[in-house]
Amino acid sequence: MPTSVASTSLLGIEGILVEVEVDVAPGIPATRIVGLPDAAVGEARERIRSAIRAAGFTWPARRITINLAPADLRKSGGSFDLAIALGILLASGQIHHRGQRALAAVGELALDGRVRMVPGALPLLLPLIEAGYHVFAPAPVEVFPGIPSDLVSRVRSLDEAARCISTGQSAPSSPQPKGSPSGSDQTVAVEFSHIRGQPLASRAVLIAACGRLPILLEGPPGVGKSMLARALHEILPNLSTEERGEVASIASAGGHGAAFPSRPPLRMPHHDITVAGLIGGGPRMTPGELTWAHRGLLLLDEIGEFRRDALEALREPLERGSVDLVRAGRAVRFPARVILAATGNPCGCGELEHPSGACRCLPSARRRGSFSLSAPIRDRFPLKIRLGRPTTPLSELPPGERTTLEARAQVTAVRAALADRSGAVGRTLPSGHDAIEGFGVRAWSQVERIATIVALLAGREVVSREDLAEAVYLHGDHW
Ligand SMILES: [Zn+2]
């Protein structure tokens, strides 16, 4: 009788349900895998045959048909091995399913029957857990926080999985690998209060963190732009449980470990990066830096050096908070809720259009400067801060007023207040504000948001004229 074991295939960073149907029928011994498998799935036959023998079972000398449905979804990789092997054992009557719940499995098999970890184990398991299957997964996999451990049997070998099915029990619950968050909550790499002499930029960084607003820091080399951007990452609050699951899922799909980080990710791509590298895509539909930075900070250091096509490609996904791509008729969506921070040198010397000095850069240097960015790209940054060289030696300047941990607490508080009043922003503005000229709709809504945060940081509910003035100043491009 044909049997069926559920599994999943990775499309982008999402697990898509795949039904693995196995039929073992009398006839000339042969094995066929149908349903658009790639070469790696085709080779599964050899791995599974060896693993079944190593587990002490026999490979049926009959006609074996393995169908992976839906047929229009291309299946790749070795993650179906365990499901196929269990299907063969069930269909040939070597084991019997005694449990209540339908079976699902994710994992690659080694020739000796061990169950190997697969890239994307977390997103692969999630839809199966949600659909209520009894799921078999490789032992090293760390299941999402908050999911009862008895829903998933983490197994080391095919033999262990087969015994669980025969006895109708979950795998003896091996201790869940420690959810040691990478980077403790209280460790601080860049201390916010150590940033001296840049009170305006420090404040803009705090506002960017509160409102998740893109920020552009411009100035000559050596004024601490990169340090400020790193400090922005440091003052972001720790991830919520839900966010940790999202970030871990994405990391897992990329084949980077399966730990649940507590700190938001920080990505700093090199300026050579391509469109696909930045927003995702390519033949294998891999996510880009924008998605690796989901729920964290994407830092473009020296934005003027980046390829313009890559920067243009960022615009829409940043607006939507996701990257939408289509491959073989299937829509793929990569989450991309990031804070974008960029540093830039206006020309080469950094003095272009600055009252403090005269720029003598050649046109070629200016073309690589951040002032040469197109207006639509500059407009994406509600906070544009021009940093000058401090005239006093840094050591004589007072330190910043907030420590990193104090700033994190403040960001958390302001974000909560913003969430409470979402939609009510305009109503709290002072009357007559529409008198300010020269602002487009986008720019004005950015200024409103900044002003609201400025007021909340001061513990006020209503935005004052001074708050608005500060917001206009931080919005930049008005010197
Ligand atoms: Zn210059």
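How many helices and strands does the secondary structure of the protein come to? The tally is 16 helices and 18 strands, where helices (H or I, at least four residues) and strands (E, at least two) are DSSP runs numbered from the N terminus. Keep in mind that this is a predicted model, in which local features need pLDDT of at least 70, side-chain atom pairs count only at pLDDT 80 or more, and totals for chains, interfaces and linings use all residues. Residues are numbered from 1 along each chain as its sequence is written.

Now find the open sheet: 5 strands in the order β11-β14-β17-β10-β18, with parallel pairing. Two strands count as paired if DSSP finds at least two bridges between them. The edges are β11 and β18 (383-386), each of which pairs on one side only.

Strand β11 (residues 266-267) is joined to β14 by 2 bridges, and Leu266 sits opposite Leu297 in β14. Over 4 bridges, β14 also pairs with β17 (residues 339-344), and here Leu299 faces Ala341. Buried means 20 or more other C-beta atoms within 10 Å of the residue's own, exposed means 12 or fewer, and partly exposed lies in between, with C-beta atoms placed from the backbone.

Helix α6 (residues 199-211) lies across β10, β17 and β18, at about 165° to β18; axes are lines fitted to C-alpha atoms, for helices over the stretch in contact, and angles run from 0 to 180 degrees between N-to-C directions.

Leu383 turns up again in the largest nonpolar core, which has 126 residues; Leu82, Ala85, Leu86, Leu125, Ile207 and Leu383 touch the most other members. Such a core is a set of buried Ala, Val, Leu, Ile, Met, Phe, Trp, Tyr and Cys residues joined through C-beta atoms within 7 Å. Helix α3 (residues 81-91) supplies the largest share, 9 residues. Leaving aside residues up to four places away in sequence, Leu125 touches Val106, Val135, Ala137, Val141 and Val152, contact meaning C-beta atoms, placed from the backbone, within 7 Å.

For contrast, look at Pro376 in helix α13 (residues 375-378). Pro376 is exposed because it has 10 other C-beta atoms within 10 Å.

Notes: Contact = placed C-beta atoms within 7 Å.
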